[in-house]
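Here is a short report on the model shown below.

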Amino acid sequence: GPPAPLRGAVVGCGFFAMNQLHAWRDIAGVEIAAICDRDPDRLSATGEGFGIARRYRDAAEMFAAERLDFVDIATTVESHRPLVELAARHRVPVICQKPLAKTLPDARAMVDACAEAGVPLMVHENFRWQAPIRAVAAVLATGRIGRPFFGRLSFRSGYDVFKGQPHLATGERFIIQELGIHMLDIARHLFGDVSGLTARSTRINPAIRGEDAVTMLLDHAGGAMSVVDCSYATRRAVDSFPETSLEIDGAFGSIHLMPGYRMVVTDRTGSETVDVSPPLLPWAARPWHSVQESVLAIQSHWVDCLRSGCEPATSGRDNLATVALVEAAYESAAAGGPVFLHARP
Ligand code: NAD
Ligand code: 89V
């Protein structure tokens, strides 16, 4: 018969966790048995909304009382290390939201703690799981455009992300750590390891504390070069939030992902335009639906990996290289020069 359902718990019942809880409901063979949030109002509203009776304000209490097959940590970055280490002490497989940690040493300690406990760690790095990004990666993998020598990933918007996530306005670091991290992960995923990075950043919005625009130049060890640019201070007639625009030039052709989820592939035989729109899940709402569908995709991948024992694509170990790029970007933006990553992480 079918395997027993996996008993999971979600820690952090805030803005983004709602997507994770909806996606868990859509995945067969998973039951969210318990939730945790230190805020009692969020805890009860989430418990009522999703019909989850076992509720905890303290994660340590939850781990002591529950038998869990995995835990899904959806809190903000400050609590990621203590919560991941707590899960490792209880030998519970763990998913942690991005950014895994604010520093590379913290991230390494988390990866080591899970490795020593013998439990898998996956970072909820969902952008590479978005339908349009998966479509681009699939074309690239066929070799139709040849070896890529140039890539451009661009995310420019004026969408008010601070309304739903006020913590984004108060952190010392903003766009590189919160959004650039996704773009840098996609760049690694498409073009391979990065050997050097140069970044320039600035703050345009006077109402926030961190940087809200960044331009980065990446050297990939395989020979490609990419430009990654992000802004939450861009005003346009049509705002494309939360779409990533992408251009890849290869020796025999190109891939161009443009706003409106249109992908144009040019190869030696001509050009083809493909609609790579994400499906609109029943619980999703535009314009977030592409991100929301990627949450279902990455969580389904986690379940497949837990059942088969394979390493998740965005494992903690894999994600160290993305965290290293975030760190390199802040270092380069502060010092002005390039940062070389040969010896890392
Ligand atoms: P939020 O502040 O809305 O929610 C976080 C919740 O965690 C709050 O309810 C808070 O009370 C709770 N919490 C914090 N520390 C806790 C602890 N130690 N124990 C129990 N509960 C605790 O934050 P958010 O905007 O939902 O962001 C959460 C995380 O999700 C961040 O790391 C953010 O970067 C990430 N995020 C990812 C994506 C994506 O596409 N992958 C999108 C948005 C946000
Ligand atoms: O995608 C994210 O992780 C969001 C943001 C608003 C920064 O894009 O938190």
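This is a predicted model. Y261 is found in the loop between β12 (254-258) and β13. Y261 is not a glycine, yet has a positive phi of about 60°.

**Other backbone points**

R91 also has a positive phi, about 55°, although R91 is not a glycine. R91 sits in the loop between α4 and β5. R91 counts as exposed, with 12 C-beta neighbours inside 10 Å.

Two peptide bonds are cis. One joins K98 and P99; P99 lies in the loop between β5 (94-97) and α5. Another joins R286 and P287; P287 is found in the loop between β14 and α10 (289-308).

| Site | Feature | Angle |
|---|---|---|
| R91 | positive phi | about 55° |
| Y261 | positive phi | about 60° |
| K98 and P99 | cis peptide bond, omega | about -20° |
| R286 and P287 | cis peptide bond, omega | about 5° |

**Helix α11**

Does the length of α11 agree or disagree with its residue count? Helix α11 (residues 316-335) has 20 residues, which at 1.5 Å a residue should span 28 Å; the end C-alpha atoms are 28 Å apart, so the two agree.

The buried residues of α11 are G316, N319, L320, T322, V323, A324, L325, V326, E327, A328, A329 and S332. Their cover includes the helices α5 (104-117) and α9. It also includes the strands β6 (121-124), β8 (194-202), β9 (213-220) and β15 (339-340).

**Helix α5 and its partners**

How do α5 and α11 run, parallel or antiparallel? Their axes come within 9 Å and cross at roughly 175°. That angle is over 145°, so α5 and α11 are roughly antiparallel to each other. On the α5 side, the contact uses L104, A107, R108, M110, V111 and C114. On the α11 side, G316, R317, L320, V323, A324 and E327 take part. By class, this contact has 8 nonpolar, 1 polar and 3 charged residues.

Helix α4 (residues 80-89) also packs with α5. The axes of α4 and α5 come within 9 Å and cross at roughly 10°. The angle is under 35°, so α4 is roughly parallel to α5. From α4, the contact takes R81, V84, E85 and A88. From α5, it takes D106, A109, M110, A113, C114 and A117. The contact of α4 with α5 has 7 nonpolar, no polar and 3 charged residues. M110 and C114 of α5 are listed in the contact with α11 and in the contact with α4.

**Loop residue R268**

R268 lies in the loop between β13 (262-267) and β14 (270-275). R268 is exposed, since 9 other C-beta atoms lie within 10 Å. Leaving aside neighbours within four places in sequence, R268 is in contact with F252 and G253. R268 and S195 are 73 residues apart in sequence and 31 Å apart in space, C-alpha to C-alpha.

**Shell of ligand 2**

Which residues are around ligand 2? They are V161, Q165, L168, E178, L179 and H182. Helix α9 (residues 175-191) gives the largest share, 3 residues. By class, the shell has 3 nonpolar, 2 polar and 1 charged residues.

Note on methods:
Residues are numbered from 1 along each chain as its sequence is written. Chains are lettered from A and ligands numbered from 1 in the order in which they are written. This is a predicted model: local features need pLDDT of at least 70, side-chain atom pairs count only at pLDDT 80 or more; totals for chains, interfaces and linings use all residues. A residue is near a molecule or strand if its C-beta atom, placed from the backbone, lies within 6 Å of it. Helices (H or I, at least four residues) and strands (E, at least two) are DSSP runs, numbered from the N terminus. Ala, Val, Leu, Ile, Met, Phe, Trp, Tyr, Cys and Pro count as nonpolar, Asp, Glu, Lys and Arg as charged, and the others, Gly among them, as polar. The expected span of a helix is 1.5 Å times one less than its number of residues. A residue is buried if 20 or more other C-beta atoms lie within 10 Å of its own, exposed if 12 or fewer, and partly exposed in between; C-beta atoms are placed from the backbone. Two residues are in contact if their C-beta atoms, placed from the backbone, lie within 7 Å. Axes are lines fitted to C-alpha atoms, for helices over the stretch in contact, and angles run from 0 to 180 degrees between N-to-C directions. Angles under 35 degrees count as roughly parallel, over 145 as roughly antiparallel, 65 to 115 as roughly perpendicular and the rest as oblique.
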